Amino acid sequence: MSVCVAQVMSDHVIAVREHATFAEIAAVMNRCRVASLPVIDTGNRVIGVVTEDDLLLRETPPGGALTGPRRRRAEHRKRTALTADRLMTAPAVTVTPDTPVRRAARLMHRHRIHHLPVVDPATGRLRGIVSRSDLLTVYERHDEDIHREITRDVIEETFALEPGDFTVAVAQGTVTVHGTVRHRSTAEALLRAIEAVDGVIEVRDHVRYRWDDTGVIPRAYL
C-alpha cells in the first residue's frame, strides 16, 4: 500500500493571514525558524505561500534581460508589497492528506519548493504541512515491510502470480528479484510495480520471460 501524506505530515503548522504585514511575516519567520508560510483567508483556506525569497526581493536589484516580462512584473509587485496577499505566490501548490508521498515529492521537485501545505480536499482549509525531510521518511521502511508488500500485494494480489515462483531479497531498500513469467509485458509491468513500492531505492531485475509479446526488439539485439 502506498504511503500517503497524512502518514508523514506535521499537523502543527504556522500560517499568516492575507493582510499580515511585511514586518509581521518577517518576525514570524525569524521567531519560528521557517523559510515559508502558507497564507490563509478568514475561512482558513490556503490562498498562497510567502517565502523568505519573496521578502528578500526588496534587497535585490530588478532582474536582468534574461528575466521574462511576467516574472519581472511579479517581482516588481513583491518588491513593493506591504502585505501577505501582495507578497505571496498564488495559487499555492498544495496536497491533500491522501496524496501519495511519491506524487508530493514530484511536485516539490517540479516547482523547486521545500514545503507543501496540506489542505482538506473538500474545503481547501489548512490541515498541516509536509517537508522534503518528511517525505524522506518513506525510505526508512523496514526491509521486511517492503518484502511483504512486494510478495503479497504486488506479486500475488496485483499480478495473480505465485510468490513461490520468485525469489525476492531486500537489503536497505535495494530489491533483488529472480523468477520467470510467461510474457515480456508482464515482466516489465512487474518491474515498474516493484519500483513504485514505497521505500524501494533500487531494483536488480533478474526476472525472465518465455515469450516476447511486445513486438519490441531487445536493445542487446539492435
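**Basis of the entries.** I note that this is a predicted model, in which local features need pLDDT of at least 70 and side-chain atom pairs count only at pLDDT 80 or more, while totals for chains, interfaces and linings use all residues. Residues are numbered from 1 along each chain as its sequence is written, and side-chain values use heavy atoms, with hydrogens and water left out.

**Overall form.** I recorded eight helices and eight strands in the protein chain; these are DSSP runs numbered from the N terminus, helices being H or I of at least four residues and strands E of at least two. The protein chain is more spread out than a compact globule, because its radius of gyration is 23 Å, well over the 17 Å that the globule rule gives for 222 residues. That radius is taken over C-alpha atoms, and the rule is 2.2 Å times the number of residues to the power 0.38. I also noted that the C-alpha trace spans about 65 × 40 × 30 Å along its principal axes.

**Contacts.** I counted a contact as heavy atoms within 4.5 Å. Of the contacts with a separation of 6 or more, 59% join residues 24 or more positions apart.

**Salt bridges.** I searched the whole structure and found ten salt bridges. Each is a side-chain nitrogen of Lys or Arg within 4 Å of a carboxyl oxygen of Asp or Glu. I kept in mind that side chains of opposite charge can pair when their charged atoms come close.

I examined aspartate 41 and arginine 45, which form a salt bridge with their closest N and O atoms 3.1 Å apart. Aspartate 41 counts as buried at 12% relative accessibility, whereas arginine 45 is partly exposed at 37%.

I then turned to glutamate 188 and arginine 184, whose closest N and O atoms are 2.9 Å apart in a salt bridge. They lie four residues apart in helix H8 (residues 184–195), so about one helical turn separates them. Glutamate 188 is partly exposed at 33%, and arginine 184 is buried at 11%. Which residues are linked with Arg184 in a network of salt bridges? I found Glu188 and Asp212.

My last entry concerns glutamate 202 and arginine 204, which meet in a salt bridge at 3.8 Å, N to O. Glutamate 202 is partly exposed at 36%, and arginine 204 is partly exposed at 44%.

Notes
Buried < 20%, exposed > 50% of the residue type's maximum accessible area, 1.4 Å probe, protein only.
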